[in-house]
2 protein chains.
Amino acid sequence: MDKPVRISLDVMGGDEGAPMVIPGAEIILQRRPDIAFELYGDEAVVAPLLERHPKVKAVSTLHHCDVSVRMDDLPSQALRKGRWKSSMWRAIEAIKADTADVAVSAGNTGALMAMSKFCLRSMADIERPAIAAIWPTLRGESIVLDVGATIGADSSQLVDFTILGGAMARAVFGVEKPTVGLLNIGVEEVKGLEEVRTAGRLLREADLPFMDYTGFVEGNDIGIGTVDVVVTEGFSGNIALKTAEGTARQLAGYLRSSMSRSWMAKIGYMFAKGAFDRLRVRMDPRKVNGGVFLGLNGIVIKSHGGTDAEGFASAVELGYDMVKNGLLEKISADVAHYYRDGTAGSAEAALEAKAS
Amino acid sequence: MDKPVRISLDVMGGDEGAPMVIPGAEIILQRRPDIAFELYGDEAVVAPLLERHPKVKAVSTLHHCDVSVRMDDLPSQALRKGRWKSSMWRAIEAIKADTADVAVSAGNTGALMAMSKFCLRSMADIERPAIAAIWPTLRGESIVLDVGATIGADSSQLVDFTILGGAMARAVFGVEKPTVGLLNIGVEEVKGLEEVRTAGRLLREADLPFMDYTGFVEGNDIGIGTVDVVVTEGFSGNIALKTAEGTARQLAGYLRSSMSRSWMAKIGYMFAKGAFDRLRVRMDPRKVNGGVFLGLNGIVIKSHGGTDAEGFASAVELGYDMVKNGLLEKISADVAHYYRDGTAGSAEAALEAKAS
C-alpha cells in the first residue's frame, strides 16, 4: 500500500475553529481513508473533540499551540505574535519540516499568505506567489489565478502564474494539456494593459508543450468556462471573484423574492423544489471551497473562513488530490522547462523579460 | 412650454442599424414626447423607414451620410474613414455644433470613444474620459465607472471619475448626496493599489459637499448596491462588468437546465411562470442599456450593439433624463469646486496630485 498523504491542519482557523475542523476531517476520511493528520491547536480544545471523533484521532498527531491567529489580525500583527508558535504557523512549518505534504487553514487569508511566504519562500525562478481559485462554470470548473496575492503583476509574473495554473489544472482536472487564457478587455491583440500584451507574446513564443495557450479571454468567459485556466493579476482577479459572488447572491435574492410573491409561484416552487435543490447544489460555494497558494515551496490551502465541516472537507480533499497527482513536481518540471531547458527564443525572451 | 430635448442619433449604428433605431425612437417618443431628433444615416435606408414611422418623422431632421462605421472597424480605421462624414461622427459633432444636447449610438464602442474624444475633447481639468454603466443591484441601481475607457487610471483620474459619477447619480437617480465608494480588494485602508489608496486619501481630505465618500468597497458590494457610485479604473471595471454578465448568464443556464429536467419541475415552472417572467424583467439587460461617456465636452451614450428597439429606447431615455437634469452643468460646477474653489487643503492636494 502507498504511504498515506500527510496533511497538516490549523485546527484553530476559521470563524468556528476546532468544532468545525475536526468534524471536517472526519468527513474527508470517509472519502479518502489514506490520510494522516498533523493537528495544530489548543490541546484543551482539540483533545476532547478528538475523543468524540475516534476515527480522526486514530490517524492524527496533535501538537499543542498556545497561540491562535485571529480572523481580524493584520498580517503584520499575525507574524509578530504568531511566528514560530501559532497553530497557523506550525501547520505551514510542517511542510518545511517534511512532516506534512500539504497544509490547510480556514484562518485569515492575509496572515496565512504572509506566514506561508515567510516560512516556505518562493520556488526557484518564481518571483511572487499567486492564489488560485476553483471557479464553477457552465462547462464544469476552471482555475482562476491570481485572486489576490500579487497586486499589479508584471508580464513575467503573469507567465509564471500561467505555468502554475496549468500545472494545477493537470493535477486537479486530470487534463493532459489544459487550455489557458489571459484575462483582458477585448479580444483583439491591441487592447488592454501592456503587461498582459507582453505576457501574451511571451506565451505565444514559448509555445509550451504542457498547455494550450489560446490567447486573451474576457470577464464573461470565466463563467462560460471557455478555458481551463484564466490568468490575471491579483487586483482584477480578486475583483472578478468578488463580483461573481455578489452577482450570484443578487440573482438568488431576485429568485427568492420572485418566488415568494404570489401563491401561484409558491405552488410552482413546491413542484419545482427538487430542481431548486439541484440548483442550490450547483451554486454551493462549499463544493469549491479553497484558494490554493501556488509558487511557494509547498502547497497551502486557504479554506473559506465561514465554511462548515462539509466545506472544510472539500478543501482538504483538494489538497489530497493535488499531492496524489504530484502538483509540486509538475510545477517544478514546468518551471524548469520554461526558464532553463526552453527552446531557442522562448528561454531568451523569458530571461530578458525577467531582467527588465 | 420648455423647448424640446435635442437628441442626435447615429441611425446606422448597431448590429441591426436603422430598422432597430427608428422604431426605438418611436418607443421613446411615447414616453418622452418633448424630443427633437437629429438623424444621421443613409437617406436611402432611413427615409422609407421614416415614412412608416410618421411620429418620428414629424420631430426629426434627417442628414444624409455616405459613410457608416462598421461594428468591427478598429478605432483607428473608423477615424480614418469616418471622420467628418460618417453617421457616427456627425451625430457626435451635432453636440459640438450645439444642434443636439446629447448623442446616442449603438455603434462600436472603440470607434465611438475615439471619435468622441477627438471631436468633443476633454472637459477643463479632466484629463481622461470614463465610461459609466448603470448596474442593477439588490437595492435598485448603481453607477459603475470606468468600465473600459481609461486603462490604469492614476489617483487624480480616479478622483475625477468620482466627481463625474457623483454628478451622474444626482442627475439620473435624483439623490442629493450620492454615496460613493472606491473599488478595492479588502476594506482596510492598507490594502490595494497605491493609486486607489491615494485617491481615497484625496477624497477624504476634500470632503466634497455634493457626495458622501464612504471609503473602499469590494466586488461583491456592487451587486448588493452598497453605494450609489462605484469608482475604479477601466481595466478592472470592464472585467467586473463582463464577469457579472457571465455569471448572470451562467446562473440562468443552471436554472433552465434545473427546470427542464423533470416533469415535476416543468409543472412547477408553469405555476411559477409569472414569477420567472418578473425575474427575467429584473435581469433584462435592455432595461439598463447604455454606457455613458463622461468627462468630455458633451454627453455621448453608447447603446449595446446587439440591442433591440426597446433597449435603444432605454438608452435614449437615459440621455433625455441627463439633459433634463442638467448633468453637464452639475459636472462643471463640481469639477470647478474641486479644482478651483475647493476649501484649503483639498484644492492644494488636488493640484499637487495632478502635477505629480
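Which strands of chain A does helix 5 (residues 87-96) lie across? The points below take up this and related matters.

1. This is a predicted model, in which local features need pLDDT of at least 70, side-chain atom pairs count only at pLDDT 80 or more, and totals for chains, interfaces and linings use all residues. Residues are numbered from 1 along each chain as its sequence is written, while chains are lettered from A and ligands numbered from 1 in the order in which they are written.

2. Helix 5 of chain A lies across strand 1 (5-10), strand 2 (35-41), strand 3, strand 4 (102-105) and strand 11 (299-302) of chain A. Its direction is at about 160° to strand 1 of chain A. Helices (H or I, at least four residues) and strands (E, at least two) are DSSP runs, numbered from the N terminus. Axes are lines fitted to C-alpha atoms, for helices over the stretch in contact, and angles run from 0 to 180 degrees between N-to-C directions.

3. In chain A, eleven strands make up an open sheet of mixed pairing, in the order 3-2-1-4-11-10-5-6-9-7-8; two strands pair if DSSP finds at least two bridges between them. Strand 3 (60-64) and strand 8 (212-217) of chain A are the edge strands, each pairing on one side only. From one strand to the next, the twist averages 25°.

4. Strand 7 (residues 179-183) of chain A pairs with strand 8 of chain A in the parallel sense, over five bridges. A:Leu182 has A:Phe216, in strand 8 of chain A, as its bridge partner.

5. The contact between the chains takes 53 residues from chain A and 53 residues from chain B, where two residues are in contact if their C-beta atoms, placed from the backbone, lie within 7 Å. On the side of chain A that touches chain B, helix 10 of chain A provides the largest share, 21 residues.

6. The same surface serves both copies, as 100% of the contact residues of chain A recur in chain B.

7. Chain A is divided into domain 1 (1-120 + 292-313) and domain 2 (127-283 + 326-356), with bounds from an automatic or database domain assignment. Their C-alpha centres lie 26 Å apart.
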